[in-house]
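Subject: Structure for your reading

Dear colleague,

Please find below the structure that I was asked to pass on to you.

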Amino acid sequence: MKSSHTYRLLCTLLMTAGLLFSAFIRADEQPQLLTDSAKIYLLTCSPGEALYERYGHTAILVQDEELGISDVYNYGIFDFNAEHFYWRFVKGETYYQLGKEDAYWFMRLYEHAGRQVNIQQLNLSPADRDAIYRALIINYYPENRVYLYNFVFDNCATRPYYLLMNALGEKSDIKHQTSNIKHQTSDITFRQLIRHYTPQGSWGDFGINLVFGPRADKPMTAEQRLFLPEQLMNHISGLHYADGTSLVAAEHIQPFVIQRVPWYATWYFGLAVLFVVLAIISLHDRLQGKRTKWVDYILYVLYGVLIVLVTFLTFFSIHPLVGFGPYLLIIPSIHLCARIIYLWR
């Protein structure tokens, strides 16, 4: 009787172990989401006219003709009309989200705007394509799709990059290349790279120099450069598997064309005009033996606004690169030099 009870107990334990093992195996197996003919592309959009479009854009396209899937996943969705949008933007608390849209309309939108969409077809196994698509689906869940945007460290280019690298993380060769660039430093700084993609001499260029502080002048690692879409596009082109096969199966890409600013619209010309105007006013004041105080007061107010803005950005916002820098002295220096004509005796 005791032997029979022991036998039944042993059988129960074995059956339980077998069920647990089977459940573990099934949990590790994921159903195939895409057919073997599916394709995944990295899309890199060229710069646009608006300031926030100057640096391009990155998205991921998933296509599976057999399943009727042709979706673009885009981490750059934001709403100007959101509550307190501009106040949150100044504080650095801008929330973006992952959007999904039909590839046809995505392409038409950029075509209508005159912006090129660079296309890179990724050379992936069915398992890797599924891993990427599954990660996108999970990211698109309502509870996951919103994220705290950061222009340099967490944006529409870094999100696709880390998603791809995580999906390919078990590929030791890709993982090795990814690990290497985390420690490779270069001579280029954040300020220099951002200015490279900002039309030289534009007022946007001036604004960047005005609010960026010493942290913007630190050398970047090779990985940190990938927050800019063109840099990511070029990096993906250079990745390869251990057998030498490129991660990119086919591509149609072109370098970004940075628009030129006409001389009369540059901040150099604008500040030169300011100097000439102030010099003429100063000469007139000297000849008349008086002082046009309202001109100075307007500039003093401007300095005060700039100081308050940069102070707020430095100490009360989470923008990573802002701070006090020498460019803040440009306008006061012009003011002082022009007014010397009046002050000199």
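**Salt bridges**

R159 counts as partly exposed, because its relative accessibility is 27%; here buried means under 20% relative accessible area, exposed means over 50%, and partly exposed lies in between, with a 1.4 Å probe and protein chains only. R159 forms a salt bridge with D154, and their closest N and O atoms are 2.8 Å apart. A salt bridge is defined as a side-chain nitrogen of Lys or Arg within 4 Å of a carboxyl oxygen of Asp or Glu. Side chains of opposite charge can pair when their charged atoms come close.

Before going further, please note that this is a predicted model, in which local features need pLDDT of at least 70 and side-chain atom pairs count only at pLDDT 80 or more, while totals for chains, interfaces and linings use all residues. Residues are numbered from 1 along each chain as its sequence is written, and side-chain values use heavy atoms, with hydrogens and water left out.

The whole structure holds nine salt bridges. One of them joins the side chains of K91 and E93, at 3.5 Å from N to O; E93 is partly exposed, with a relative accessible area of 26%. Another joins R339 and D285, whose closest N and O atoms are 3.3 Å apart. Because R339 lies in helix α12 (residues 330-343) and D285 in helix α10, this pair ties together parts that are 54 residues apart in sequence. Helices (H or I, at least four residues) and strands (E, at least two) are DSSP runs, numbered from the N terminus. Both R339 and D285 are buried, and they belong to a network of salt bridges that also links K290, R291 and D296.

**The chain as a whole**

The chain has 12 helices and nine strands. Of its 345 residues, 40% count as buried. The accessible surface comes to about 20000 Å², of which 62% belongs to carbon and sulfur atoms; accessible areas come from the Shrake-Rupley method with a 1.4 Å probe, and for residues only the protein chains shown count as cover. Among contacts (heavy atoms within 4.5 Å) with a separation of 6 or more, residues 24 or more positions apart account for 75%.

**Strands**

Two strands are said to pair if DSSP finds at least two bridges between them. β2 and β3 pair in the antiparallel sense over six bridges, and the bridge partner of I60 in β3 is Y73. These two strands form a hairpin with four residues between them, and G68 in the turn has a positive phi of about 70°. β3 also pairs with β4 in the antiparallel sense, over five bridges, and there V72 has E101 as its partner in β4. Seven of the nine residues of β3 are buried, so this strand is largely enclosed by the rest of the structure.

β1 and β5 (residues 117-122) pair in the antiparallel sense over five bridges, with Q121 in β5 as the bridge partner of Y41. T44, in strand β1, is buried, with a relative accessible area of 0%.

**Nonpolar cores and a surface patch**

A nonpolar core is a set of buried Ala, Val, Leu, Ile, Met, Phe, Trp, Tyr and Cys residues joined through side-chain atoms within 4.5 Å. The largest core has 35 residues, of which I60, V62, L124, L136, M165 and I236 touch the most other members. Its largest share, four residues, comes from α5. Apart from this core lies another, of 32 residues, among them I194, V211, L228 and L306.

On the surface, W263, Y264, F269, V273 and V277 form a nonpolar patch with about 530 Å² of accessible area together. Patches are made of residues with over 30% relative accessible area and no salt bridge, where like charges are joined within 9 Å and nonpolar side chains (Val, Leu, Ile, Met, Phe, Trp, Tyr) within 5 Å. W263 lies in the loop between β9 (248-252) and α10 (267-288) and, at 60% relative accessibility, counts as exposed.

Yours sincerely
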